[in-house]
Structure formats: structure tokens, C-alpha cells
Amino acid sequence: MTKAVTDADFNAQVLEAGKPVLVDFWAEWCGPCRMIAPALEELDAELDGVDIVKVNIDDNPDAPGRYGVMSIPTMILFKDGKPVATQVGAKPKSDLKAWLVGALG
């Protein structure tokens, strides 16, 4: 299950993580966010080299503001504490997986 991350623990859980982290910026009221949630859960279970976490933008405005999140869902892949790839909008699981695997290198 994807883990919820807050503004308070964003640095520890994402920027200081020992492996790449995909952050899903989402909100309860966002239909496309709810549509991709099961795909992200499955990818989190399937892919060993990356952690997938969620940041609720309504409860945690600092992190999305810091990384220029203007619409949701927005997924940002962090490697070594830096954003290296961004995907905006809902996509099928196969597209999300291809993007993520490609971004991981």
C-alpha cells in the first residue's frame, strides 16, 4: 500500500530516502487521482527499486508549492533528493509503468 507523506515528513521520507521515490500529489475530490490510485498501488507492489508515496495537496500545501504542482494528479520522481521526472494527468497503468521504468533508467 502506498504510504501517505506530509509536509512535516517530506524531507525524511522523500528527499533523504535511500532509493528513488515517486510522489503522487493528489486530493480526495480529484476523480482522475482516484482513477490512478489502484494502478499506483499495483506498481508499488511490483517494482522493487522505487517507493511510491502520496501527498494530499489540501492537507499539505508546502511540498506541492515547492515543486510547482499546478494540477493534479501530478507525479514527480525523486532520485538522490532531486526531482528528475514529472508526469501530469491520469494515464493507464501500462503508460505509468513505462514512464516510471524509463525515468528510473
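**Notebook: strand β2 and its surroundings**

I began with a pairing: strand β2 is joined to strand β4 (residues 74-79) by five bridges, and the two run antiparallel. I count two strands as paired if DSSP finds at least two bridges between them. Helices (H or I, at least four residues) and strands (E, at least two) are DSSP runs, numbered from the N terminus. In this pair, V21 stands opposite F78 in β4.

I noted what I am working with. This is a predicted model, in which local features need pLDDT of at least 70, side-chain atom pairs count only at pLDDT 80 or more, and totals for chains, interfaces and linings use all residues. Residues are numbered from 1 along each chain as its sequence is written, and side-chain values use heavy atoms, with hydrogens and water left out.

**Entry: the other partner of β2**

I looked up β3 (residues 51-56) next. Six bridges join β2 to β3, and these strands run parallel. W26 stands opposite N56 in β3. I then followed the chain between them: β2, helix α2 (residues 31-46) and β3 form a right-handed β-α-β unit. Right-handed means that, with the strands pointing away from the viewer, the path from the first strand over the helix to the second runs clockwise.

**Entry: cover on β2**

Is β2 mostly covered or open? I found six of its six residues buried. Buried means under 20% relative accessible area, exposed over 50%, and partly exposed in between (1.4 Å probe, protein chains only). V21, V23 and F25 are buried on one side, and L22, D24 and W26 on the other.

I stopped at D24, which lies in β2 (residues 21-26). D24 has a relative accessible area of 0%, so it counts as buried. Which residues touch D24, leaving aside neighbours within four places in sequence? I listed I36, L40, V53, K54, V55, P73, T74 and M75. Contact here means heavy atoms within 4.5 Å.

**Entry: nonpolar cores**

I looked for nonpolar cores, which are sets of buried Ala, Val, Leu, Ile, Met, Phe, Trp, Tyr and Cys residues joined through side-chain atoms within 4.5 Å. The largest has 17 residues, of which F10, V14, V23, F25 and I72 touch the most other members. The elements giving two or more residues to this core are α1 (10-15), β2, β3 and β4. The largest share, four residues, comes from β2. Apart from this core lies another, of 14 residues, among them L22, L47, L77 and L100. In soluble globular proteins, nonpolar side chains tend to be buried together.

**Entry: two backbone spots**

I checked the loop between α3 (62-66) and β4, where P73 sits. The peptide bond from I72 to P73 is cis, with omega near 0°. I then checked D80, in the loop between β4 and β5 (82-88). Phi of D80 is positive, near 50°, and this residue is not glycine. Most residues other than glycine have a negative phi, and most peptide bonds are trans. D80 is exposed because its relative accessible area is 72%.

**Entry: the whole chain**

I stepped back. The protein chain has four helices and five strands. Their pattern along the sequence is β-α-β-α-β-α-β-β-α. Buried residues make up 43% of the 105 residues. Among contacts between residues at least 6 apart in sequence, 70% join residues at least 24 apart. The C-alpha trace spans about 30 × 30 × 25 Å along its principal axes.
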